[in-house]
Amino acid sequence: MQVQNDAQPYDTINITPMLDLAYVLLVIFILMTTAGVQGLTMNLPKPSNKPSTEKHDVKIVQVQQGGSVTINGAGVSMAELESQLNSAKAADPKFNVMIKGDAKAPYAGVVSVIDLVNRLEIENVGLVTGRIGT
């Protein structure tokens with residue numbers, strides 16, 4: 001039978017207290033992050049119960065595959081488009097413009113129409129797209 005000498009160093013390190021500390025810190029960090037993120041309080045606008053009775057004119061500007069531009073189906077140049085949009089804005093400042101670009105239309109043509117609408121400071125502008133799956 002051998003008697004172990006107490007002066008001999010240990011062969012293994014006891015990591016249990018270190019793991020306990022790591023788990024406690026993990027729990028503290030989880031609690032602090034969930035307590036800090038409660039959500040944002042926002043005052044959202046409420047819609048009115050009355051339907052809108054305002055009717056505004058709608059101009060549909062189409063950019064065709066070859067780069068030609070039409071407004072409500074009639075072919076126009078960029079200068080004619082600008083004059084027609086100016087006259088429509090003078091008649092009704094809140095009229096709507098819908099920009100519809102062909103899938104194979106040159107990108108520059110669509111961008112030039114968007115730039116024209118921005119330059120004329122027309123507020124109600126939309127981009128028309130096709131439905132998904134059609």
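Author: Let us begin with Glu82, which has a relative accessibility of 27% and therefore counts as partly exposed, since that class lies between the limits of under 20% for buried and over 50% for exposed. Please keep in mind that this is a predicted model.

Reader: What makes the contact of Arg119 with Glu82 a salt bridge?

Author: The closest N and O atoms of Arg119 and Glu82 are 3.6 Å apart, and because the cut-off is a side-chain nitrogen of Lys or Arg within 4 Å of a carboxyl oxygen of Asp or Glu, the pair qualifies as a salt bridge. This pair links distant parts of the chain, with Arg119 in helix α3 and Glu82 in helix α2, 37 residues apart.

Reader: Why is Arg119 called exposed?

Author: Arg119 has a relative accessible area of 54%, and because exposed means over 50%, the label applies to Arg119.

Reader: Why does Lys59 count as buried, and which residues does Lys59 touch?

Author: The relative accessible area of Lys59 is 17%, and because buried means under 20%, Lys59 belongs to that class. Lys59 is found in strand β1, residues 58-63, and, leaving aside residues up to four places away in sequence, the residues touched by Lys59 include Ile71, Leu85, Phe95, Val97 and Met98.

Reader: How do you know that the buried residues of α3 lie on the same side of the helix?

Author: The buried residues of α3 are Gly109, Val110, Val113, Leu116 and Val117. They cover an arc of only 120 degrees around the axis, which means that they are on the same side of α3. In an α-helix there are 3.6 residues a turn, so residues three or four places apart point the same way. On the other side of α3, Tyr107, Ala108, Asn118 and Arg119 are exposed.

Reader: What covers the buried residues of α3?

Author: The cover includes strands β1, β2, β4 and β5, together with helix α2.

Note on methods:
Residues are numbered from 1 along each chain as its sequence is written. This is a predicted model: local features need pLDDT of at least 70, side-chain atom pairs count only at pLDDT 80 or more; totals for chains, interfaces and linings use all residues. Side-chain values use heavy atoms; hydrogens and water are left out. Helices (H or I, at least four residues) and strands (E, at least two) are DSSP runs, numbered from the N terminus. Buried means under 20% relative accessible area, exposed over 50%, partly exposed in between (1.4 Å probe, protein chains only). Contact means heavy atoms within 4.5 Å. The arc is that of the directions from the helix axis to the C-beta atoms.
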